[in-house]
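Let's take a walk through this model together, starting with a pair of strands and ending at a single side chain. Keep the 3D view open as you read.

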Amino acid sequence: MKPKIWLSSPHMSGNELSYIQDAFDANWVAPLGPNVNGFENDLTTYLQEERHVAALASGTAALHLSLILLGVGQGDEVICQSKTFSASANPIIYQGATPVFVDSEEETWNMCPEQLERAIHDRITKGKTPKAIIAVHLYGMPYKADEINTIASKYNIPVIEDSAEALGSLYKGQHCGTLGDFSVLSFNGNKIITTSGGGALVVSTSALKEKAIFLATQARDQAPYYLHSEIGYNYRMSNIVAGIGRGQMTVLDQHVEQRRANYNHYREAFKAHAQITFLKEPEGMTSNRWLTCILLDNETTREGLRQALEHENIESRPLWKPMHQQPVFKAYPHYLNGVSDALFQRGLCLPSGSNLTEEELNRVTSTVHAYFKT
Ligand SMILES: Cc1ncc(COP(=O)(O)O)c(C=O)c1O
């Protein structure tokens with residue numbers, strides 16, 4: 001069997017170990033310490049905006065805390081992009097609220113502004129103004145932030161920007177992760193930088209950051225004994241994990257370049273195949289190309305290609321199945337235009353790691369060429 005080629009595997013720089021060693025040397029083996037502060041500062045500097053970053057155990061924790069900070073609770077409704085990974089929607093259920101799913105547009109594959117406005121209108125007519133909008137930069141491609149923010153402001157609904165897949169992407173020159181009222185990053189093992197598992201919440205004031213950290217560290221009130229007047233969570237990032245993050249920050253730009261180079265490699269390699277199309281960058285948007293995705297003619301071709309790759313021990317994955325089609329979510333309200341359903345049928349994510357070698361990329365492209373010749 002040929003060696004496995006992964007969709008997106010961790011890519012260490014070698015700089016991570018010295019930060020971990022520092023933590024061991026100082027015995028900062030805790031969910032606080034210099035690496036946590038350092039990683040938060042590195043992220044704030046990178047994002048180049050007046051933002052405050054709280055390092056957390058996961059992106060999902062950051063989404064959950066956003067909803068809590070916005071006061072989302074039992075019986076509330078929260079709009080969520082349907083074409084996403086389930087972690088965007090799960091915290092709505094944790095809060096006892098109802099997700100309302102909104103379809104995508106074709107230019108970025110992200111939340112469709114028209115469907116968003118239709119959904120808000122209809123929910124208000126039915127008696128409830130949604131409490132938040134969760135919009136997602138899927139596969140690293142920015143969503144149409146101006147259009148989404150304009151609609152959100154018109155109805156006075158805060159936006160939670162799910163930037164889990166989009167650290168390093170730009171929207172009109174501004175970093176993804178700074179475009180929402182609350183923004184979420186993930187450092188899960190498959191992301192553009194990883195801490196093995198981890199995430200961050202990006203907010204606009206130091207008071208919000210403090211409140212997020214308070215909730216993430218079991219909501220301990222000021223007292224010499226353990227005193228609690230709110231329900232807390234154990235959501236803080238550890239100082240060891242943050243050390244990995246500090247090392248990864250030294251190569252984030254390189255990872256973006258390498259992932260963008262993968263996309264260019266595939267585009268060049270497949271230009272003779274009329275059946276294969278790519279998601280282009282709309283004017284003003286720069287994707288980190290976290291994953292390179294292709295569209296095929298139909299589901300049969302997509303599945304045939306996926307199996308041909310699997311046969312060569314190459315991991316690929318259909319574009320995410322929309323939330324309104326998921327057994328666990330399909331009973332919830334949804335506002336659809338057919339875009340995310342079609343993308344799920346026709347789309348495939350190709351191996352996209354920043355650590356892919358030329359030889360591995362060539363193994364992927366020659367398998368695709370061979371598939372189309374047979
Ligand atoms: C779009 C999206 N949102 C949220 C998450 C959740 O992040 P985490 O795995 O760090 O909890 C992920 C990734 O896992 C994701 O891809």
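Begin with β1 and β9, which pair in the antiparallel sense over five bridges. To find your place along this pairing, look for Leu-56, which stands opposite Gly-199 in β9. Bear in mind as you go that the model is predicted.

Now zoom out to see where this pair belongs. The open sheet is built from eight strands, with mixed pairing, in the order β1-β9-β8-β5-β4-β2-β3-β14. Its edge strands are β1 (52–56) and β14 (334–335), each of which pairs on one side only.

Next, turn to the helices. Helix α2, residues 34–47, lies across β1, β8 and β9 and runs at about 135° to β1. Helix α7, residues 206–216, also lies across β1, β8 and β9, but its angle to β1 is about 10°.

From here, follow the chain into the loop between β8 (182–186) and β9 (199–203), where you will find Thr-194. Is this residue buried or exposed? Buried means under 20% relative accessible area, and Thr-194 has a relative accessibility of 2%, so it counts as buried.

What does the side chain of Thr-194 meet there? A polar atom of this side chain lies 2.9 Å from the backbone oxygen of Phe-187. The backbone nitrogen of Gly-189 is 3.4 Å from a polar atom of the Thr-194 side chain. Leaving aside residues up to four places away in sequence, Thr-194 touches Phe-187, Asn-188 and Gly-189, together with Pro-10, Met-12, Ile-244 and Gln-248.

Definitions and conventions:
Residues are numbered from 1 along each chain as its sequence is written. This is a predicted model: local features need pLDDT of at least 70, side-chain atom pairs count only at pLDDT 80 or more; totals for chains, interfaces and linings use all residues. Side-chain values use heavy atoms; hydrogens and water are left out. Helices (H or I, at least four residues) and strands (E, at least two) are DSSP runs, numbered from the N terminus. Buried means under 20% relative accessible area, exposed over 50%, partly exposed in between (1.4 Å probe, protein chains only). A polar contact is a pair of N or O atoms within 3.5 Å; within protein, one must be able to donate a hydrogen and the other to accept it, and residues adjacent in sequence count only if both atoms are side-chain atoms. Contact means heavy atoms within 4.5 Å. Two strands pair if DSSP finds at least two bridges between them. Axes are lines fitted to C-alpha atoms, for helices over the stretch in contact, and angles run from 0 to 180 degrees between N-to-C directions.
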